[in-house]
Amino acid sequence: MSKGHESCSGCGVCLLSCPVWHHRHTMSYTRKARAKAMQGGATHEEIALAIDACLLCGACEASCPEGIGLAALNILQRQELNRTRNDYPEWYPGELPVHKAEGTVSGRASLFLPGELLGKDTATRGAVLKQLGKNGRTTLAVDDGRDIALIIEAGLPMRPGRLESFISALNPARTLIVAEGLLHRPLRKWLPAKKIIGLGEALLSKGRLRQNLNCRDLYVIESRGYHADHKRLVLFYDRLRRETGCQTNLDLQRVAFSTGASSLQGRRDLTASGCIENAGRILKGRKIDRVIVEDLADAGAFRLAADVPVVHIGLLEQE
Ligand code: SF4
Ligand code: SF4
């Protein structure tokens, strides 16, 4: 079982890669302050602003030297807070979305779950699927669980039977390629026999896409999925950097600095959530000709912060 808030030493290392800290510079919004407040007996209502401000990027868990299970605690705190409050921040979903089937039920080896943003951008989604489907083994999932990702992020209860229908639609596949990083941890728990990977890993595993990267590219790793499988993916992306020379949004601890653009707050307002500012922080001092993003939400933030082209990885081969 993961360690809890009682193990927080107050070292503050988690601040270094926290986009909320860099945007707000307010100690009470930090993960450290939340953990110390819980040690002191604070209620979730008393730290509601900090719980709501968190962008769920997962960087704090990857950097915490005490090994506290901060990613799960971040969601748990949101669930606990929702039990008692009546007023929600403006970025909270009003009506819970109802899932609409789009793909085809398939017994192919791999299913691609595009998530909300890629699901709506049919041109980019089509390009991704073309890349993934070149060996004929990947198809679009009939149910990508985008409503479930939203419910998890908001800490809201799931509709009865919804989880069961989602999982049963995924059962025919051996590998799930999941663009929404927030779903990686729960999917590994619900479907332990399946291989769950992110879109970047799935596309970069094909050698020809790597050949398109060079030392003047900033490659922006999707932070939620990366931190959910941190130890393994550190090795994957270190190899990518060695082979291509590309720059990334990883710091010296190999923690991914996030814009926060894929969060519910970021999707509502990139500026107010600090996403453009954080994209600027990632770009600062770099000599680059191009930004490549795994997460379509990051494309929006970098296009407003960068003076170089921003390309989604699914469109890289067309460049
Ligand atoms: S999940 Fe990200 S935004 Fe939230 S406290 Fe941790 S580092 Fe900060
Ligand atoms: S890195 Fe871990 S131990 Fe250090 S302040 Fe943050 S939560 Fe506490």
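Buried area is the accessible area, taken with a 1.4 Å probe, that two parts lose on being put together, summed over both. The structure treated here is a predicted model.

**Exercise 1. Determine how much area is buried between domain 2 and domain 3, and which residues of domain 2 lose the most.**

Step 1. The domain assignment sets the bounds: domain 1 covers 5–84, domain 2 covers 110–202 and domain 3 covers 203–318.

Step 2. Between the C-alpha centres of domain 2 and domain 3 the separation is 20 Å. To their contact, domain 2 contributes 26 residues and domain 3 contributes 30 residues.

Step 3. The two domains bury about 2,200 Å² between them, and carbon and sulfur atoms give 52% of this area. On the side of domain 2, the residues that lose the most area to domain 3 are Gln131, Glu153 and Glu201, which together make up 28% of what that side buries.

**Exercise 2. Describe the polar and charged pairing between domain 2 and domain 3, and identify the helices of domain 2 that take part in the contact.**

Step 1. Six salt bridges are counted between domain 2 and domain 3. The side chains of Glu201 and Arg232 form a salt bridge with an N to O distance of 2.8 Å; Glu201 is also listed among the residues of domain 2 that lose the most area to domain 3.

Step 2. Polar contact joins 13 residue pairs between the two domains, counted with both residues at pLDDT 80 or more.

Step 3. At least two residues of the side of domain 2 that touches domain 3 come from each of α6 (115–120), α7 (122–132), α8 (146–154), α10 (184–190) and α11 (199–204). The largest share, five residues, is supplied by α7.

Step 4. By class, this side of domain 2 holds 12 nonpolar, six polar and eight charged residues.

How values were computed
Residues are numbered from 1 along each chain as its sequence is written. Chains are lettered from A and ligands numbered from 1 in the order in which they are written. This is a predicted model: local features need pLDDT of at least 70, side-chain atom pairs count only at pLDDT 80 or more; totals for chains, interfaces and linings use all residues. Side-chain values use heavy atoms; hydrogens and water are left out. Domain bounds come from an automatic or database domain assignment. Contact means heavy atoms within 4.5 Å. A salt bridge is a side-chain nitrogen of Lys or Arg within 4 Å of a carboxyl oxygen of Asp or Glu. A polar contact is a pair of N or O atoms within 3.5 Å; within protein, one must be able to donate a hydrogen and the other to accept it, and residues adjacent in sequence count only if both atoms are side-chain atoms. Helices (H or I, at least four residues) and strands (E, at least two) are DSSP runs, numbered from the N terminus. Ala, Val, Leu, Ile, Met, Phe, Trp, Tyr, Cys and Pro count as nonpolar, Asp, Glu, Lys and Arg as charged, and the others, Gly among them, as polar.
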